[in-house]
Amino acid sequence: YANIDAYYCVTSSDTCTPSTKGKSVKVENNNEKVCAYVKESDDKKSDVACSQPVMIDSIKPIVSINTVGEVKKNEKNEIISKFINVGLSVEALSGVKEVKYCQGTSQCTPNKDVTRGYSFVANLTKTGYVCASAKNTLGVQGDKVCQEYRFASEAETGDETEFNETINVSY
């Protein structure tokens with residue numbers, strides 16, 4: 001196929017006359033079509049064929065952070081459990097390219113990768129935040145979400161062990 005050239009055009013109407021030579025096309029707007037034909041070196045060319053309207057993936061993925069299972073709390077709504085499980089899930093009407101999270105004593109910018117199908121353990125101080133965000137396959141960044149976890153003092157829990165949370169990821 002070394003002696004074959006492709007010509008294309010992008011249109012929002014039903015058809016167009018392909019005049020741009022190339023092998024790749026960039027569609028920048030929703031509902032545009034790509035029309036193309038191929039031409040051999042002996043000037044034989046195919047009929048012009050047009051695609052269905054292209055829909056660009058511009059939907060932001062939505063991340064949810066939820067406590068999973070039983071969490072013991074005191075009357076101040078502070079966590080007195082030694083361990084808590086936190087579920088992180090992504091609702092996407094589009095493809096998910098990446099999910100990132102962070103943890104800290106204040107809200108933070110998600111910068112640690114979460115690998116699809118894996119879990120990770122985040123070590124929290126007595127009170128802290130877990131924040132997460134996701135990006136779709138075209139790089140559209142979803143909104144950052146943060147969840148605060150308030151732990152009771154060591155005296156109330158009777159345990160000096162560092163609190164841990166296991167975050168299970170599904171998307």
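## Rule and count

A salt bridge is taken here as a side-chain nitrogen of Lys or Arg within 4 Å of a carboxyl oxygen of Asp or Glu. By this rule the count comes to seven salt bridges.

The model is predicted, so local features need pLDDT of at least 70 and side-chain atom pairs count only at pLDDT 80 or more, while totals for chains, interfaces and linings use all residues. Residues are numbered from 1 along each chain as its sequence is written, and side-chain values use heavy atoms, with hydrogens and water left out.

## Lys39 and Asp43

One of the salt bridges joins Lys39 to Asp43, with 3.5 Å between the closest N and O atoms. Lys39 is partly exposed at 27%, whereas Asp43, at 56%, counts as exposed.

## Pairs that involve strand S7

Lys135 forms a salt bridge with Glu98, the closest N and O atoms being 3.6 Å apart. This pair links distant parts of the chain, since Lys135 lies in strand S10 (residues 127-136) and Glu98 in strand S7 (residues 96-104), 37 residues apart; strands are DSSP runs of E with at least two residues, numbered from the N terminus. Lys135 is partly exposed, with a relative accessible area of 23%.

Asp113 forms a salt bridge with Lys100, and here the closest N and O atoms are 2.5 Å apart. Because Asp113 lies in strand S8 (residues 112-114) and Lys100 in strand S7, the pair ties together parts that are 13 residues apart in sequence. Asp113 is exposed, with a relative accessible area of 54%.

Note on methods. Buried means under 20% relative accessible area, exposed over 50%, partly exposed in between (1.4 Å probe, protein chains only). Helices (H or I, at least four residues) and strands (E, at least two) are DSSP runs, numbered from the N terminus.
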